[in-house]
Every structure is written in structure tokens, then in C-alpha cells.
Amino acid sequence: MVDGTATKDLDAQLEKYRVELTGYCYRMLGSSFEAEDAVQDTLVRAWRSHEKFEGRSSLRSWLYRIATNVCLDMLSAGSKRARPMDLTESTPLARAALTPRPDHTWLEPMPDGRILPAVQDPAEAAVAKESVRLAFMAALQQLPPKQRAVLILREVLAWKASEVAELLGTTVASVNSALQRARATLAEREDRGERAAVSDPLDEEQQKLLERYVQAFEGYDMTALTALLHEDAIMTMPPFDLWLTGAADVTGFMSTVGASCAHSRLVPVRANGLPGFAQYKPDPDKGGFSPWAVQVLEISAGRIAGLHCFLDTQRWFPLFGLPLHLEGEPDQIEQGQ
């Protein structure tokens, strides 16, 4: 029987791995909530079977083995999370139609704090951020589950081939073969131009770009916004499968179908290793502002290359620790106050 002190010690030992395990499960599953469920299942299984853990490997390796098995079981149905551009062709503004698809279709956003553990090494931190960005996450979802696990463990977490082989119960040769196939699939996506632009660590110029974006969006100044977008900028809006490409179509959509977003407020967030904002729209019924979208921005060469708006606010805003209402008057933004 485990006494109270030992239970607290074990809980503390397991809990310190929660963030990195969530990052791993998120990369495997492409879903914020499924990742958190997988980690909880992993920690419960570990707690229940800890007395059987004989220390032949480290506690961390043992937890990753459990987490991998949990994820592989969850992926057995073969579903792949995707972005709108993975499913349909870009739609011209003149034919734009908002057609929703089920929640389980979409690659989901995730707050940085839930998946990126604090590390001292800048290079290690950069790899971790790169590996949760939306474009890379979408590429991962195209891999068979075991290839996905091998690529994440070897390339992201820097495990040795022998360690991965032991975890998966296979051979080093099999691990190396799976890694080669996974790399080839990702390289093919890059060759077809499917890898979206990503932001560098935010420097002063990029921070100013975001400040100008906030001013342009909150003021709903389409001329100013156009100047901040790449000519081939992409806008997505899950759960709708519509996606737009080109600054003219993006701002054209905002000023027509999306005109009700005028005078919104933006609250900074960090998601998927990228800058983002929680967007609140004016609420004509209750006053103040109500949640509308979590925006994740991709930056390249001094402009915004991707604007990804996740609209299921009842799920995303609590996940990001955001309030479901903001006080204030929309005309304060209109008047520049």
C-alpha cells in the first residue's frame, strides 16, 4: 500500500512531466483536448502501475512508452486532423461560402504554455516551437501513426534510435527505415510548396508589425491591413472549410461577409509557437465585447503570411484562460481612445 507521503511524492514526480507529455501527445494527435485527455490517461495508468515499474528505464522513458501506446490506440481509427487548405482548393471571394465540417476534422490550436516546457538552450527552444507550428503539425498528420512517433521522438525530442526502438518494441533498423520514409513525406510537402511561412523569434521589426496589425484590425482599416499582408497571404476559419488566398480576397472578405468584425478588440496570446490574438467582437445585446476567434498569425519577410482564425470560442477561450466577455464601448476604438 502506498502511504500518503509516497502518494504525494509520486504525484509530484509524474506532474513535472505533464507539459512535455502534452506537447508530445499534441504532435501525435493534432487535437488540443485529445492531447490533454491522453496525458491524463497516461498519468493515471502510470500511477496505478507504478509498483510494477522496475526501473529498467528512466521514469521519463516509461511515461513516453505509456503515452505512445495511448496515442496509437486513439489513432487506430485512422482519422487525420487537417487545415482547410489540406482538404479543398482555395475559393475566390466571389464564390466564398461558409460550410462547416465536424470538430474532429480540424487541426486544433494550443497555447504555448501547455506544450512548450521551459528550456535554457535557445536552439532546443527553437526546435520545440518549430515542431508545433501549424504547417509542421499539418505535415505530421499525414504520416502513419508509428512513423509520426518515430519522427517526433528522433527529430524533435532527440532520442537515440536504440531508445526509440526499445520504446516501440522494434529494431533500430526498423526505426531508421520509418524515419527515412517520414522525412521523405515531409520533404515532398515542402517541394510542393505546402509548408506555410513561419515567424522567426519576434524581433523589434516583427513586434512593430504586430502593433500595426492591431491598429489596422481594431480600426478595421482595410488599406492599412492590405499593406501588412503578403500578396499571397492565406486566411482560414475552422470549422468552415473555406480558405482565401491573396491580400485582396482576404480584406475583401473582411469588409463584406466579415463586416461585423469592425471595431473588435484584440488580446495577445501565444499559440503553436506563433504570435496570436483573441478577437472579441462588439456585443450589441449585452454591451461590451464577446469572443469571436483565436487568431494565429504566420509572419514571413516582414509581412503577415497566414491569418488562421479558430472560431469555436466556447472551446478555445477557456483553453487559453481568456474571459468570455470584455467590458468597454466599441466607439472608444472607433475614436482612437
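**Ground rules.** I treat the model as predicted, so I take local features at pLDDT of at least 70 and side-chain atom pairs at pLDDT 80 or more, while totals for chains, interfaces and linings use all residues. Residues are numbered from 1 along each chain as its sequence is written, and side-chain values use heavy atoms, without hydrogens and water.

**Helix α2.** I looked up α2, residues 18-29. Helices here are DSSP runs of H or I with at least four residues, strands are runs of E with at least two, and both are numbered from the N terminus. The expected span is 1.5 Å times one less than the number of residues. For the 12 residues of α2 that gives 16 Å, and the end C-alpha atoms are 16 Å apart, which agrees.

I then checked its cover. Of the 12 residues, 10 are buried (under 20% relative accessible area; exposed is over 50%, partly exposed in between, with a 1.4 Å probe and protein chains only). Among them are Tyr24, Cys25 and Arg27. The cover includes α3 (32-49), α4 (59-74) and α9 (145-156). Gly30 follows α2 with a positive phi, near 75°.

I found a cis peptide bond from Pro238 to Pro239, with omega near 20°. Pro239 sits in the loop between β1 (229-237) and β2 (240-245).

Ala158 is not a glycine, yet its phi is positive, near 60°. I placed Ala158 in the loop between α9 and α10 (161-168). Ala158 is exposed, at 61% relative accessible area. His263 also has a positive phi, near 70°. His263 lies between α14 (247-255) and β3 (265-271), and is partly exposed at 23%.

I counted seven bridges between β3 and β4 (274-282), which run antiparallel; strands pair if DSSP finds at least two bridges between them. Pro268 has Phe277 in β4 as its bridge partner. Two residues separate the strands, and Asn272 in the turn has a positive phi of about 55°.

**Arg148.** A salt bridge puts a side-chain nitrogen of Lys or Arg within 4 Å of a carboxyl oxygen of Asp or Glu. I did find the backbone oxygen of Leu143 at 2.9 Å from a polar side-chain atom of Arg148. Beyond its neighbours within four places in sequence, Arg148 is in contact (heavy atoms within 4.5 Å) with residues including Arg27, Met28 and Leu75.

**Salt bridges.** The structure holds 14.

- Asp41 and Arg45 have their closest N and O atoms 3.1 Å apart. They are four residues apart in α3, about one helical turn. Asp41 is partly exposed at 29%, and Arg45 is partly exposed at 35%.
- Glu108 and Arg81 also form a salt bridge, at 3.1 Å. The pair links loops, with the two residues 27 apart. Glu108 is buried at 2%, and Arg81 is buried at 7%.
- Arg101 and Asp241 form a salt bridge at 3.1 Å. Arg101 is in the loop between α5 and α6 and Asp241 in β2, so the pair ties parts 140 residues apart in sequence.

I also noted a salt-bridge network of Glu34, Arg81, Glu108, Asp312 and Arg315.

Key: A polar contact is a pair of N or O atoms within 3.5 Å; within protein, one must be able to donate a hydrogen and the other to accept it, and residues adjacent in sequence count only if both atoms are side-chain atoms.
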